[in-house]
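Here is a quick walk through a protein model, written for someone who would rather look than compute. Have the viewer open and follow along.

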Amino acid sequence: MNRNYFRRLPLIAFGSLALLLTAACGSAATPASEGPSAAVETTAAPTQEVVIKATNFKFDKKEYTVKKGDALRIKLESDGIHGIRVSNTSVQMKPGDEKVYSFSMAGEYQIECSIPCGNGHERMKAVLKVV
Ligand SMILES: [Cu+2]
């Protein structure tokens with residue numbers, strides 16, 4: 001072992017931790033019909049808005065319904081450190097984020113907390129229904 005190895009050790013440890021966290025969050029069962037392009041971030045003026053409120057350890061609704069195609073502003077209001085990720089899309093939001101997306105495919109997408117936030121983290125799930 002030389003000095004270089006030791007210098008890189010923290011980096012290796014951090015990498016392993018990140019991997020562990022990703023694995024712990026896991027991905028729940030999601031519809032197979034949607035691809036990763038089911039939603040794209042857009043600069044179009046939003047024509048609809050959904051506010052998702054996250055608290056320890058739930059979202060304020062079980063289901064959020066939005067319209068397909070229309071530029072959708074998603075606001076994440078978080079009391080505590082919670083993010084969201086939407087299955088089979090690139091939707092990723094941090095606490096307080098406001099982003100505009102357009103969903104090209106109707107369907108039911110799973111919303112889940114993207115930040116390991118504690119004991120109730122696994123229960124933080126909801127459905128985004130695109131109609
Ligand atoms: Cu969480």
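Leaving aside neighbours within four places in sequence, which residues is Ala-39 in contact with?

Ala-39 is in contact with Val-86, Thr-89, Ser-90, Val-91, Tyr-101, Ser-102 and Phe-103, once its neighbours within four places in sequence are set aside. Contact here means that the C-beta atoms of two residues, placed from the backbone, lie within 7 Å.

Ala-39 also belongs to the largest nonpolar core, which has 20 residues. A core of this kind is a set of buried Ala, Val, Leu, Ile, Met, Phe, Trp, Tyr and Cys residues joined through C-beta atoms within 7 Å. Touching the most other members are Ala-39, Ile-84, Val-86, Tyr-101, Phe-103 and Ile-111. Two or more residues each come from β5 (72-78), β6 (84-86), β8 (98-103), β9 and β10.

## What kind of model this is

This is a predicted model, where local features need pLDDT of at least 70, side-chain atom pairs count only at pLDDT 80 or more, and totals for chains, interfaces and linings use all residues. Residues are numbered from 1 along each chain as its sequence is written.

The predictor's confidence in each residue, pLDDT, goes from 0 to 100. For the protein chain it averages 83, and 73% of the residues score at least 70. Residues 14-35 fall below 50, and that stretch has 17 contacts in the model beyond near neighbours in sequence. Where pLDDT is low, the predicted coordinates should not be read in detail.

## The overall layout

The protein chain has 1 helix and 10 strands, and from the N terminus the order is α-β-β-β-β-β-β-β-β-β-β. These elements are DSSP runs numbered from the N terminus: helices are H or I with at least four residues, strands are E with at least two. Of contacts between residues at least 6 apart in sequence, 70% join residues at least 24 apart.

Buried residues make up 21% of the 131 in the chain. The call rests on C-beta atoms placed from the backbone: 20 or more others within 10 Å is buried, 12 or fewer is exposed, and in between is partly exposed.

## The open sheet and its edge

5 strands form an open sheet with mixed pairing, in the order β4-β10-β9-β6-β7. β4 and β7 (92-93) are the edges: each has a single partner strand, so one side of each has no neighbour in the sheet. Strands count as paired if DSSP finds at least two bridges between them. Inside the sheet, β9 (residues 107-113) and β10 (residues 125-130) run antiparallel, joined by 6 bridges, with Gly-107 opposite Val-130.

Is Thr-65 buried or exposed? Thr-65 is exposed, because it has 12 C-beta neighbours inside 10 Å. Beyond residues up to four places away in sequence, Thr-65 touches Lys-129 and Val-131.

β2 (residues 48-55) runs parallel to β5 over 7 bridges, and Ala-54 has Ser-78 as its bridge partner. β2 also forms a hairpin with β3, with 2 residues between them.

Asn-88, in the loop between β6 and β7, has a positive phi near 60°. Most residues other than glycine have a negative phi, and most peptide bonds are trans. Asn-88 is buried, because 20 other C-beta atoms lie within 10 Å.
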